[in-house]
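Trainee: Before we discuss any labels, could we look at the model together and ask what each of them rests on?

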Amino acid sequence: MNIAGAKVLLTGGGRGIGRFLVERLAAESAEVFVLERDEALCAELRAIEGGKVNALSCDVSSADAVDAALKQVFDAGFDPDVLVNNAGIIHSEPLVNMLARGVDRVHSRENWRRVMAIDLDSVFFVTGRVVDQMLAKRRKGVVISISSIAANGNPGQTAYSAAKAGVNAMTQTWAKELGAMGLRFAAIAPGFIDTPSTREALSEAVLTRLQQQVPLRRLGNMDSIYLAVRHIIENDYLTGTVLEVDGGLVI
Ligand code: NAD
């Protein structure tokens with residue numbers, strides 16, 4: 001599929017990796033529609049010059065909000081060729097905090113539900129409706145979900161790792177289920193990418209130590225994620241894959 005002229009629906013495009021993808025895709029003449037929960041960031045997106053970006057405020061972890069927002073998107077005549085499930089939150093919490101006492105020692109169930117809702121449910125809610133629209137409009141669409149190398153199991157990230165492993169499993173399931181209809185599904189599993197969220201979550205000392213574990217000895221940049229997105233869109237024989245973009249971290 002060509003990026004120029006493609007209609008790309010992207011979740012969580014207000015900042016970080018999503019924002020970078022929106023700007024690069026629009027610069028390559030894609031039409032981009034963003035579902036983003038932060039209305040102020042939506043306003044910023046709508047103000048991007050060139051008229052190729054639209055945005056609607058929507059919490060993609062809510063099934064009702066997703067259904068209402070996508071109705072508006074489709075009613076406005078925006079039939080996606082590409083969906084990028086990018087919205088997500090990183091959450092770190094041990095299964096049992098051995099330094100704490102009482103019930104608070106155990107991973108908060110509230111946090112578990114919140115992470116699963118934002119990182120896993122959202123992908124299920126949005127993809128179901130968008131794929132249904134792609135089928136109705138006979139689009140040979142592609143769905144790209146931003147996963148993480150945490151899907152392999154990351155100590156201290158039970159909920160995040162489980163959610164991202166679920167994203168990979170759904171990607172492979174849908175690739176098999178819907179390949180005959182010409183639809184393609186792929187995930188991208190970034191390692192440590194230099195984003196505001198990474199810098200907020202990890203101290204400089206931790207980042208320096210982590211980089212020593214990466215064969216390429218550095219953080220990835222957001223362009224490496226864009227190049228992976230572009231490759232998946234353009235390569236029509238690629239489906240069901242989880243593309244690791246991690247400087248060699250998981251080998
Ligand atoms: P970020 O926090 O910088 O940006 C996330 C964006 O999504 C924000 O604009 C936020 O408002 C939006 N968002 C969050 N929850 C939402 C919801 N429920 N509904 C709608 N919008 C919502 O995050 P990022 O670092 O750019 O990460 C983007 C994706 O990449 C996530 O899925 C994350 O798990 C994945 N990832 C990031 C890294 C990294 O190093 N930054 C590594 C691996 C995977």
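Mentor: Let us start with S29, which in this predicted model lies in the loop between α1 and β2 (31–36).

Trainee: Why is S29 called partly exposed rather than buried or exposed?

Mentor: The relative accessibility of S29 is 35%, and since buried means under 20% and exposed over 50%, with partly exposed in between, S29 is therefore counted as partly exposed. Its backbone also deserves a remark, as S29 has a positive phi of about 70° although it is not a glycine.

Trainee: Where is R138, and what makes it exposed?

Mentor: R138 belongs to the loop between α4 (109–136) and β5 (142–146). Its relative accessible area is 76%, and because the term exposed requires a value over 50%, R138 is called exposed. R138, which is a residue other than glycine, has a positive phi as well, near 50°.

Trainee: Why is S148 called buried?

Mentor: S148, in the loop between β5 and α5, has a relative accessible area of 8%, and because this is under 20%, S148 is buried. A polar atom of the S148 side chain lies 2.9 Å from the backbone nitrogen of A150.

Trainee: How do you know that L9 is buried?

Mentor: L9 is placed in strand β1 (residues 7–11), and its relative accessible area is 0%, which is under the 20% limit, so L9 is buried. Between L9 and V53 there are 44 residues of sequence separation, with their C-alpha atoms 10.0 Å apart in space.

Trainee: What makes K71 exposed?

Mentor: The relative accessible area of K71 is 51%, and because exposed means over 50%, K71 is called exposed. K71 lies in helix α3 (residues 63–75), and its C-alpha is 31 Å from that of L243, a residue 172 positions away in sequence.

Trainee: Why is the pair K71 and D75 called a polar contact?

Mentor: The side chains of K71 and D75 are joined at 2.7 Å, and as a polar contact needs a pair of N or O atoms within 3.5 Å, one able to donate a hydrogen and the other to accept it, the pair is therefore called a polar contact.

Trainee: Turning to the ligand, which side chains place a polar atom within 3.5 Å of it, and how do you know?

Mentor: Among them are R15, with an N or O atom of its side chain 2.9 Å from an oxygen atom of the ligand, and E36, with a polar side-chain atom 2.6 Å from an oxygen atom of the ligand. For D59, an N or O atom of the side chain is 2.9 Å from a nitrogen atom of the ligand. Of the 830 Å² of accessible area that the ligand has on its own, the protein covers 95%.

Trainee: Which residues come nearest to the ligand, and which helices contribute to its shell?

Mentor: There are 27 residues around the ligand, and I17, E36, N86, Y160 and S197 come nearest. The helices α1 (16–27), α5 (158–178) and α6 (196–201) each supply at least two residues of the shell, whose residues divide into ten nonpolar, twelve polar and five charged.

Trainee: How do you know that the ligand sits in the largest pocket?

Mentor: The ligand is assigned to the largest pocket because a molecule sits in a pocket if more than half of its atoms lie within 2 Å of the grid points of that pocket.

Definitions and conventions: Residues numbered from 1 in each chain as written. Predicted model: local features only at pLDDT ≥ 70, side-chain atom pairs only at ≥ 80, totals over all residues. Heavy atoms only, no water. Near = heavy atom within 4 Å. Areas by Shrake-Rupley, 256 points an atom, 1.4 Å probe, with all protein chains shown as cover. 1 Å grid on protein atoms, 1.4 Å probe; cavity = no way out; pocket = protein on both sides within 12 Å on 5 of 7 lines; lining within 4 Å. Helix = DSSP H or I, 4+ residues; strand = E, 2+ residues; numbered from the N terminus. Nonpolar A, V, L, I, M, F, W, Y, C, P; charged D, E, K, R; others polar. Buried < 20%, exposed > 50% of the residue type's maximum accessible area, 1.4 Å probe, protein only.
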